[in-house]
Amino acid sequence: MGTARSGRQPAMMDVARLAGVSHQTVSRVVNDTGHVAEETRSRVLAAIEQLGYRRNSVARALVTRRSSIIGVITTTSAHYGPASLLVSLEAAAREAGFFTGVTALSDYSAASLAGAIDHFLGLAAEAVVVVAPVAGLAEAVGAMGAPVPVVAVSAVQCASPRLRFVRADQVGGARSAVRYLAERGHRDIVHISGPGDWYEARAREAGWRAEMEERHLVPREPLGSSWECAGGYEAGRRLAAQGLPDAVFAANDAIALGLLRALDEAGARVPDDVSVVGFDDEPAAAFYGPGLTTVRQDFAEVGRCAVRAACDAIAGEAAPGAVVVPTRLVERGSVADRRG
């Protein structure tokens, strides 16, 4: 890579001097704006290559007030859902002509949030997307009053005119799981829930309760769990000791996998003795023993909707209300038909 004569990184004026053109002509070539003769464009591009010039995005942002950066605030969780959503957000941002900067928080205090948002404001980010699965996070961001548009990907919608909300249909997905089991003759349908401070866990439990109530089925109290396989395994051991139900709706696929192990150790066959439905449709779910019937979240579409909401906000368009992305039940071999 070349340098200017002083040893500093080459600037646009150095390219203009080497190519024998004006600073404005180099700007038009670099930013692809305005007409430039093909021979002139070739000289400018050759000078850029020779000098190793790279556009100063920070300086450009100061002039144009456009950085093409979307900040993403997420959790430190490595679970399938948050990790998949982060990848989807990055891909959707690139498709829309943006780059993402990511800050992962393990502490959701007001100070941590303020620090993360200040970091993105320092990068001249045009919008911030907050993956807000934990109780209080969306509300805290909404109360902060960031000077740029903020989109919350969250199963909750708090009353804040400052935020735009995008979410997968957690409640609807849970209801579809219970409906599927009930329509196949299951009546004692137990729920193993996720961590109580996660919005998604609360929404899935709410969907389970609503569908059970609508069908006049008396629920047992849900068994609490972490999102990990170990949590499902421990819940499964408790179920085996209490007396096995007709079916179990697990709050995610990892919980379901731990449950399958516990049921196997207890001598219970799935689905002959107990039917199991999960949530997320992580790639390994199809290869569980048996393949897991589960609820699929379209993380790619959630990412696209979140970036689209950010772009609309940047453009000054009115918020349409919460965007809810449908979920879909995926049938495999872990549910028995007990009708008749």
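Student: Where is T294 found?
Tutor: T294 is found in strand 10. Keep in mind that this is a predicted model.

Student: Is T294 buried or exposed?
Tutor: T294 is buried, with a relative accessible area of 0%.

Student: What is phi of D280?
Tutor: Phi is near 120 degrees at D280. That is a positive value, and D280 is not a glycine.

Student: Buried or exposed, D280?
Tutor: D280 counts as buried, because its relative accessibility is 7% and the cut-off for buried is under 20%.

Student: Now H216. What is its phi?
Tutor: H216 has phi near 60 degrees, again a positive value in a residue other than glycine.

Student: And where is H216?
Tutor: H216 lies in the loop between helix 9 (199–214) and strand 7 (223–224).

Student: Is H216 exposed or buried?
Tutor: H216 is exposed, with 71% relative accessible area. So D280 is a buried residue with positive phi, whereas H216 is an exposed one.

Student: Switching to prolines. Which residue does a cis peptide bond join to P271?
Tutor: V270 is joined to P271 by a cis peptide bond, with omega about 10 degrees. P271 is in the loop between helix 11 (253–265) and strand 9.

Student: And what is omega for the bond from G289 to P290?
Tutor: Omega is near 0 degrees there, and the G289 to P290 bond is cis. P290 belongs to the loop between strand 9 and strand 10 (293–296). T294 is in strand 10 too.

Student: Let's do the core. Which residues touch the most other members in the largest nonpolar core?
Tutor: I192, L259, L263 and V276 do, out of 24 residues in that core.

Student: Which elements each supply at least two residues of this core?
Tutor: Strand 6 (189–193), helix 10 (229–242), strand 8 (247–250) and helix 11 each do. Helix 11 gives the most, with 5 residues.

Student: What does L259 touch, not counting residues up to four places away in sequence?
Tutor: With that exclusion, L259 touches I192, G232, Y233, G236, L239, V248 and V276. Two of these, I192 and V276, are also among the residues that touch the most other core members.

Student: Which residues does the second, separate core include?
Tutor: A93, F98, V151 and F299 are among its 22 residues.

Student: Which residues make the contact?
Tutor: Helix 5 contributes Y80, G81, S84, L85, S88, L89, A92, A93 and E95. Helix 12 contributes F299, A300, V302, G303, R304, A306 and V307. By class, the contact has 10 nonpolar, 4 polar and 2 charged residues.

Student: How do the axes of helix 1 and helix 3 cross?
Tutor: Helix 1 (residues 12–19) and helix 3 (residues 38–51) cross at roughly 120 degrees, with axes that come within 9 Å. These helices are therefore oblique to each other. Helix 1 passes helix 3 in a right-handed crossing.

Student: Which residues make that contact?
Tutor: D14, V15, L18 and A19 come from helix 1. From helix 3 there are R43, V44, A47, I48, Q50 and L51. The classes are 7 nonpolar, 1 polar and 2 charged residues.

Student: Last one, T100. Where is its place?
Tutor: T100 is in strand 2 (residues 99–105). T100 is partly exposed, with a relative accessible area of 24%.

Student: What does T100 touch, not counting residues up to four places away in sequence?
Tutor: T100 touches I70, V72, L89, E90 and A93 on that count. L89 and A93 also belong to the contact of helix 5 with helix 12.

Student: And how are the C-alpha atoms of T100 and A125 separated?
Tutor: They are separated by 8.8 Å, with the residues 25 apart along the chain.

Terms used:
Residues numbered from 1 in each chain as written. Predicted model: local features only at pLDDT ≥ 70, side-chain atom pairs only at ≥ 80, totals over all residues. Heavy atoms only, no water. Contact = heavy atoms within 4.5 Å. Helix = DSSP H or I, 4+ residues; strand = E, 2+ residues; numbered from the N terminus. Nonpolar A, V, L, I, M, F, W, Y, C, P; charged D, E, K, R; others polar. Axes fitted to C-alpha atoms, helices over the stretch in contact; angles between N-to-C directions. Parallel < 35°, antiparallel > 145°, perpendicular 65-115°, else oblique. Left-handed = near helix turned anticlockwise from the far one by under 90°. Buried < 20%, exposed > 50% of the residue type's maximum accessible area, 1.4 Å probe, protein only. Core = buried A, V, L, I, M, F, W, Y, C linked by side-chain atoms within 4.5 Å.
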